[in-house]
Amino acid sequence: MGAMRTRKKATARKASKTKRRSRPKGKAKPKRKAGAHAAAARGSYAALAAAALDPGLGVRQRIRALADLSGEICDDTGTFHGVLDILRDAKSPSGLRLAALQALQAATFSAVKFSRSRPEYLTALRAVAADPDLELRQRVLGLLARERDGSTQQKLLDGLKNPAKALVPPEKALQLLGYDVHADAYPVARRIVRDPPNPAAKREALRLLAADAASAPVFEEILRNKAEPAEFRQLSVSVLHSLAPRSLQAHAREMVLDDTEDDDLRAAGLTALTQFGEQGAITADAALVQRVDRLKGGKGSAMVKKGARRFLDKYRP
Amino acid sequence: MQIELRINDSADPKARYVSWAPSPCSVRLSDPTGASQPVQVTLRQKPAATGGQVRFRDGPSASAKTSLSLTLPLAGAPVPFFLTGVFGRASVMDGDVTVEVRAGTQVLGSVPLMVRVRKDAAKLTAPERDRFVAALAKFNDRGAGGFAAFRAMHTDLTSPEAHGAPGFLPWHRAYLLDLERELQAIDSSVALPYWRFDRPAPALFTPAFLGRSDSNGTVHFASTNPLQFWVTDGVPGINRRPFFVTGTASANVITEAQTLALGNQYAQFLRMEGNPHGFAHTSFGGSISSIDTAAKDPLFFLLHANVDRLWAKWQRRFGRFDPALAASFANGPSRIGHNLPDTMWPWNGITGGQRPATAPGGDLAASSCVTAPGAKPKVRDMLDFQGAVAPHSQLGFDYDDVRFA
């Protein structure tokens, strides 16, 4: 910690010197040409870097400075290391650490400029992946999961298999594993669908299984079970359309014609038919078109009526 | 007696879209039956209480008029004129403007058209919003549609083509334009809306539009919203967890005024790649907050439409449309793909070497309204988007709050 503080101060001093150097001596008001602008900007960034890293300043002021530093964080090694130090320092205020993370993340969007800093950035992220601060941990694990970081994926999977080891709730772990789906996640996802710790975890497990053709029967079963929440059945419709696109029309038609069906499902079925249905087949389907016409003026929800209106606009203009 | 009215120098109904920049048009006698000498006609907009409004010009820089008198030769030669949308009076639906051609009191012909511009997503009418999400969902087609190529264009591997160098803004302008034209091939009335990330946008983050996020970051849609069928990389749905209150707060970004004040040189303005651009992305958890996954979320395109709009505003404020002007772009050589004469990947189809290994998506989509920037655009082609320097450079889009002149 002591070494870290010393480095912070050294960086702040260096930044301050840079600021002073940027002022040309002996000229009261230099012309604001591109070179002068750049020099002024360098001075300004140095001052911002100094403010961001100065433990003597208020947290708000430092957070503002981190935001204003923008993509320049990795222009100066000292500043970059100082911001990484803030991120890693569990004793720093949570808001400041999150601001440091956001500033680093924003800098990653300048990918080429950031490339030389990237290995250290990823190492720092891994170092705080098990941080006591849940919000920070969750954001960091998300970043690493989107980097397809193998060790992070393994930790998420381990947490699903053994909740005592879990770094994040199961629904978050499943969601993050969805950024780079591997078949070894499917068994645990199927188990969670069968025995979910909460509805959100079941939903995320279903989303993860969407690319698994072998799980099609799971979705078929949920779709046909009217006791399942509408959300899962709606997701099943969507997934089945992806796994077997030709099934769309049949599933959606069935839901629209079924007067005992949930209104949300019927509206989703109407939306699917309107959006992705085969024009010729649907226009020729008199029974379907007539039923939708009745839905338009029936006792169903506003969503069903809206879906019916759009369907008829397309298939019976 | 009959006339032919050509909008954007085309008889194709799909070319009947104008914006703030002047569109080249013409009118000619297609059937002179009954006429023995050149016919005097008047062009005007059929009165309408709502919707778009247009004005007529003799030439691209002539003053705008509510009506225009022209003499049509008997032999059928076309007589050119220009149409512009009235700033602040964009259309709300396809064909809500009708241009009439009269000889005296006789209507010789008319065409419906649209003043089509990119609008603030938070202010779209419900039908405008619905047409946009329907076109986007159709293009995604449950993960099997043309959107997959767009998702593949913006990843970690392709990032050097688009980020961290002067081509950042031109590349993304081409990317948005390509997508917008694909959406217009599905529904010609659609223009890409923008998300003003420096203001609250309560109408955007709703189940009927781009969805509402739960605490886990899973986005939920209304059952009538076709984006519920959104699929990327084989996984349905969208992950997006805002770190701000979408209904009442803006993203954690600098304001528009601060962005436009970054400097009057392109190199200074380019700082916006960090803030507001990078900070708009990272004001969320989820796909949009990492380069590799950002384009999985439809919000990406609205966020970048605003980035592009800010560039357009900056260009307008400082007169930075001309690639020949040093302040309009970065000076000095940059890596390939980021210099004015360079072609841009993936539209150039070049793979390997300094370019990515594959080039998804093929040529940049063509427009029925304009010819620029062509199938394989160069960086320089993206600057003069309104045709302010050279009318043929016009890219066929405008923003609702960026004037032509």
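Mentor: Let's start with a definition: helices (H or I, at least four residues) and strands (E, at least two) are DSSP runs, numbered from the N terminus. This is a predicted model, where local features need pLDDT of at least 70, side-chain atom pairs count only at pLDDT 80 or more, and totals for chains, interfaces and linings use all residues. Residues are numbered from 1 along each chain as its sequence is written, while chains are lettered from A and ligands numbered from 1 in the order in which they are written.

Trainee: Where does B:Asp141 lie?

Mentor: B:Asp141 sits in the loop of chain B between helix H1 (126-140) and helix H2 (147-153). Its phi is positive, near 45°, in a residue other than glycine.

Trainee: What about B:Asn8, buried or exposed?

Mentor: B:Asn8 counts as buried because 24 C-beta neighbours are inside 10 Å. You'll find B:Asn8 in the loop between strand E1 (2-6) and strand E2 (17-18) of chain B, and its phi is positive too, near 55°.

Trainee: Which residues does a cis peptide bond join, with omega about 20°?

Mentor: Those are B:Asn275 and B:Pro276. B:Pro276 belongs to helix H6 (residues 274-281) of chain B. Look also at the bond from B:Ala372 to B:Pro373, which is cis with omega near 0°; B:Pro373 is in the segment after helix H8 (299-318) of chain B.

Note on methods. Buried ≥ 20, exposed ≤ 12 C-beta atoms within 10 Å, placed from the backbone.
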